Structures are given as structure tokens and as C-alpha cells.
Amino acid sequence: MLSFAASGSARSNGVLNAGYIGYHTMHQAYNAMFIKRNVYLAVQVLVAGALRCLCIFVPFIAFQAYGYYNICLGNPNSLRTWCKARPPLLYNHIQTHYWGVGFLRYFQLKQLPNFLLASPILCLAICTVVHYVKLRPEIFLSLGFHASFGTDPRSSADYLSEKSTINVQRDHTVRHRKQKIMKDDPVAVPVENDSLNKPGYSSFIVLPFVLHLGFMAATAFFVMHVQVATRFLSANPPLYWFASCLMLSPAIGMRWGYLIWAYSVAYILLGSLLFSNFYPFT
């Protein structure tokens, strides 16, 4: 939670990380209300989740309040236009007034090269979201509430509530086995393969990451300066999960693997040179 709050103090889109807390809180509250039939526990979960989300928003709100206090309240004679807005967002005014950021405001013929520059990462992001939706439509449409595991369908809230306990027990068992093996045979190296126990890319746990990626990709395409889409979206894990699944696919893995690797290497090498010389390759 503190890391999420720190991200909100560094960049305004860091407040979107509150969505992960909200998703987890939503499922825990559902579990408490409808599975355990405990209204008091559900209220506790909702209040705790709301407080955690508020902590993530605090740095962003503090920055806006600081700007409003120094510029709007500190200079009543030279009141800026954004001071009268509700809510008065300093950075939003700078982006809109000076940088031309806004919905569809970047859709100009002269910006076509920038759209082409951002097309690889945007296409990868769209394919990631579409692939997940086609893979598990019931999870996407129900926000994970109708997730099923194997032949034993159960609420995803049950899985979330039990996950931490299962992980602790499994870690303890693994450590115990390691100690026993190393004690009996110090040369032996234990090999573990618990991939079947991992939820995987199609799990409902991945859903908030996919929704986060979809929202950021739509924002980059319709609102922002589209040429920054590559670095703006590069911190989203589903991009790399989907690319890994794509490269491991026996049918199309080789061809798409070469394309992804070539683009990544070109972005690292050419992007570093162009960006350091003030070209819009970001």
C-alpha cells in the first residue's frame, strides 16, 4: 500500500493502483456478505479497503492542495482559470492549456507518424486484453465472481480469502522438505514444480491487471500524446505475460517471437539514441 501511495506522489496515474485494493476488497466483502453471511465482517472489509484506497490518493490530493494554496489562495489578485474549476486540478490545467492534452485533441493528420510510432505497443496491449476476454469471458463479464477452478466451481472470493493461508502453509512445507533433503544428502538439490498449483494467466487474479492495461491503453490512444504510449504502458505485467505465452505457442511462436524480440531490441537501442536527442521516441 505504501508503494502504491508513493507511485501516486510521483505520477498522477499512480492513483489507478487503488483499483487493485478495490478489487480485492470487493471480493472479500462479497465473500463475507454472501458466503459467510456476516454483515459486520463485510462492513469491516469495506471500511478497511476504503481507508487503504484513501491512503493511495493522499499524496495526489496533497500535491493538488499545495498548488491550490500557493497559486490560488496565495495570489488572489491574479486568479488563474483553473482555480475556479471544480475540482481545481493544477496538472490537468497544465496538460490541457499548454500541451494540448484532451479527448481526441491529438487526432490530427500531422500526428500520424506519432500514431505509427505507438502502434506496436498499442497493438500488443489490445491483443493482450482481447486474448484474455476470449480466453475467460465469464471472468471478464462477472469481474471474477463466477470464476471456476477445474471441475470444482466456487466463488473467487473463497480463493482470495484462502490464498494467503495456503501460501504460508506451502512455503512452510517447502522449507521443511528442503531442510530434510539437505540434511540427508547435502549434495542433493531439490527440484520443485508447482506450476499446476499456480493460477496462471487465465486466472481471475489477472483481471485487475488486464483492466488496468485496457484503461491505460485507451487513455494513451484517445487522450494523451500518443508517442509516449510505449513507456506509459511498459510497466504493465500482462504485456509480458501475453508476449511470453505468444512466443511459447507452437503454431505462431517462432514468427511472433522474432518480431517481439526485434521490436524490443530496436526500441532499446534506437529509442535511447533518439530520446536523448529530443526526438519523440518514447
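Begin with the largest nonpolar core, where Leu122, Tyr132 and Leu233 touch the most other members among its 30 residues. Such a core is a set of buried Ala, Val, Leu, Ile, Met, Phe, Trp, Tyr and Cys residues joined through side-chain atoms within 4.5 Å; buried means under 20% relative accessible area, exposed over 50%, and partly exposed in between, with a 1.4 Å probe and protein chains only. Colour α5 (112–135), α8, α9 (229–233) and α10 (237–248), each of which supplies at least two residues of this core, with α5 giving the largest share, seven residues. Helices here are DSSP runs (H or I, at least four residues), numbered from the N terminus.

This is a predicted model, in which local features need pLDDT of at least 70 and side-chain atom pairs count only at pLDDT 80 or more, while totals for chains, interfaces and linings use all residues. Residues are numbered from 1 along each chain as its sequence is written, and side-chain values use heavy atoms, with hydrogens and water left out.

Next, select Tyr132, whose contacts (heavy atoms within 4.5 Å) include Ile139, Tyr201, Phe204 and Val210, leaving aside residues up to four places away in sequence.

Then show the aromatic rings, where rings of Phe, Tyr and Trp (its six-membered ring) pair if their centres lie within 6.5 Å, with planes under 30 degrees apart counted as stacked, over 60 as edge-to-face and the rest as tilted. The count comes to 15 aromatic pairs. Tyr20 and Phe209 form a tilted pair, 4.9 Å centre to centre with 45 degrees between the planes.
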